[in-house]
Each structure stands twice: as structure tokens, then as C-alpha cells.
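I set out to look up how the ligand is held and what lines the space around it. The entries below follow the order in which I looked.

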Amino acid sequence: MGGAVICLANNKGGIGKTSVTCHLACALGRKGKKVLVVDNDPQSNASGILLPKRALVYHTLYEIYDSGGKPPRTASCVYTTEYPGVDVIPNVEQTSGLLLNLAGGYPESLATLRRRVRPLAVKDYDVTLVDCPPTVCLFTANALFASDWALVPVDAGSSHSLDGLKKVLDLVESIQDAGNTGLSLLRLLVNRMDARTVISRTIAGEVIRRFGEDMVFSSRIPRLTAFEQADHAKETIFLRQGKSPGARAYEALAAELLAALERDKKQKKQNRKQENTP
Ligand SMILES: Nc1ncnc2c1ncn2[C@@H]1O[C@H](COP(=O)(O)OP(=O)(O)OP(=O)(O)O)[C@@H](O)[C@H]1O
Ligand SMILES: [Mg+2]
């Protein structure tokens, strides 16, 4: 079995999908893993954060989604980043204009990323993280259709952050029904946690109550201005603050994620063995 493809989705905006994608990718890279980030959001924030500042980008996800054009070799859309072990397939704003084409080409268009990106992701990378826009749209559906796992970040700083969960989980179910039976909910991740505030404690408690402790990462990402500052500078905290509390939180999350993937791999192997035993 090849590497794991993980889609980060939540249809609420500004809850930290991109921040989690980029920081988790860097933390995994620092653990020696080969990581691919697919910037599946035309806002292109992950591309801006990960690509070197004056990087020239010629091929992007636009061409991969553009059914009218000649599909590019996916490998030509992959760029190295400033962070060890981390590559990115960047996006551009113009990709948002392709949503209508994707809708016109549905249901075949649902498998665009699965056909054009997943084979390379699984073959060449240990982990692929797919960042998504804050809407339940054909870009998000494409990401889920190409993925093994859905990782759902939740913002412990906003009382609205639980509202979007049902829509994401319904979408995960409909993508399973549409044919990606290999897709599962990996875990929810509590981001922007500030244990001193009642709202953070209430939201974290509510997520565990609804989904069970096993379905929520025990690593939580603290609310830190360092993340906002890094975002403003279009970089991750690993560039200048690699030993900060924020960096350590992501290192713990990366270790927990790898352990969860390893457990799943063993479980699947065991299931296959049992199926083959007469
Ligand atoms: N743990 C955190 N502590 C403090 N700030 C954070 C944290 N996580 C994310 N942020 C900040 O919150 C803002 C929104 O984060 P981000 O862009 O990752 O959200 P998003 O869900 O990807 O947004 P969109 O829905 O627009 O794609 C950014 O300024 C980011 O730096
Ligand atoms: Mg984002």
C-alpha cells in the first residue's frame, strides 16, 4: 500500500484549514516523511505560504481541473517548497472559474483529482494533504473523492465552528456512496484552543461528546499570535520559530497522525489475512 491521502475540510471559513495543512505538512517533513500539499483552494493561500517568495510557477491545479485544455503531466505541477520534505501543487485564483465546467462535466468530473493527482501522490509521497475551500463544492468533493481520509479541523475560538460539521460529514457520506468506499473520517482536530476560556473548553468538550474521544486528536493546536504573524508574512512558524510552543504542538500532532495511520495499516493487513483464511 502507498502513502495516505488526507483531505482537510470544513465548510466554515477561517477556521484554520490552511494553517493546519501547511504546519502539519512541515511537521511531517521534519520527521523525515515525504509530504505533498495539494492547494485545492483557488484562494491559493497554501501556495503563498509554502512556495519560496519569488518562485515562478508555470503549472498549477488550474490545468489539472481544466477539462478543455491538454492535461499536463501531474509531475510538472509539483514544486519544491522552503520546507524540508514538503512539495506543493499550487493553485491560482482563476481556477474558481472552472467550477461551472466541473458542474457541466459531473459526475465524471468528480474523479478529476483521483485520476490525475492520486496516482502520483500515493506512489511518491508518504502523506498527501489536500487543503480545501470553505464551501461544500465540487473542489471539496473532488478532494474527498481522491482521499483515503478526511481530517476535520474545528475552531475552538468560535461558537459557530460546530455548525458546519454536519455538512462536511454528510458530504463524506455522499462521497462514499458515490464510489469512494475507501474514504473514512480520520479524526477531528481542535484548533485555536485556549484552555483559559470557557468557549474553548465548551467547544472541545462538545466535539468529544458528539464524536467520542477516539475520533478527536488528543493533540490540540493552541491559539497563538505567532500563527497569525507567520500567516501575515506568508510563511509557517517553522521558518523562524521551529522550537516554539506552536511548532511543538504540530510535532505532537504529526506523531499522533503517523501512529494512527500505522495502526490502520496493521488493522487492514490483519483484516486481509482473516479474509484469506479459509
Ligand atoms: N491556532 C491558531 N492560533 C492563532 N491563529 C490561528 C490559528 N490557526 C489559524 N490561525 C489564523 O487564523 C486565520 C485563518 O486561518 P486559515 O487561513 O488557516 O483558515 P482557513 O480555514 O483556511 O480559511 P479559509 O476558509 O478562508 O480557507 C489566519 O490568520 C491564521 O493564521
Ligand atoms: Mg484556507
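Predicted model: local features only at pLDDT ≥ 70, side-chain atom pairs only at ≥ 80, totals over all residues.

Entry 1, polar contacts of the ligand. I found an oxygen atom of ligand 1 at 3.2 Å from a polar backbone atom of Phe-227. For Pro-222, a polar backbone atom lies 2.9 Å from a nitrogen atom of ligand 1. At Gly-16, I recorded 3.0 Å between a backbone N or O atom and an oxygen atom of the ligand. I then looked up the cover: of the 630 Å² of accessible area that ligand 1 has on its own, the protein covers 88%.

I counted 19 residues around ligand 1, with Lys-17, Thr-18, Ser-19, Asn-191 and Pro-222 the closest. By class, I noted six nonpolar, seven polar and six charged residues in this shell. Helices α1 (17-30) and α10 (225-232) each contribute at least two residues to it.

I asked which pocket the space taken by ligand 1 is. That space is the largest pocket, and I recorded its volume as about 440 Å³. Its lining comprises 25 residues, and Gly-14, Ile-15, Gly-16, Ser-19 and Arg-192 lie nearest the centre. I sorted the lining into nine nonpolar, nine polar and seven charged residues.

Entry 4, helices in the lining. I noted that α1, α2 (45-50) and α10 each supply at least two lining residues of the largest pocket. Of the lining, α1 gives the most, with four residues.

Note on methods:
Residues numbered from 1 in each chain as written. Chains lettered and ligands numbered in written order. Heavy atoms only, no water. Near = heavy atom within 4 Å. Polar contact = N/O pair within 3.5 Å; in protein donor to acceptor, adjacent residues only side chain to side chain. Areas by Shrake-Rupley, 256 points an atom, 1.4 Å probe, with all protein chains shown as cover. 1 Å grid on protein atoms, 1.4 Å probe; cavity = no way out; pocket = protein on both sides within 12 Å on 5 of 7 lines; lining within 4 Å. Sits in = over half its atoms within 2 Å of the grid points. Nonpolar A, V, L, I, M, F, W, Y, C, P; charged D, E, K, R; others polar. Points joined across faces, edges and corners; volume = space filled by probe spheres on them.
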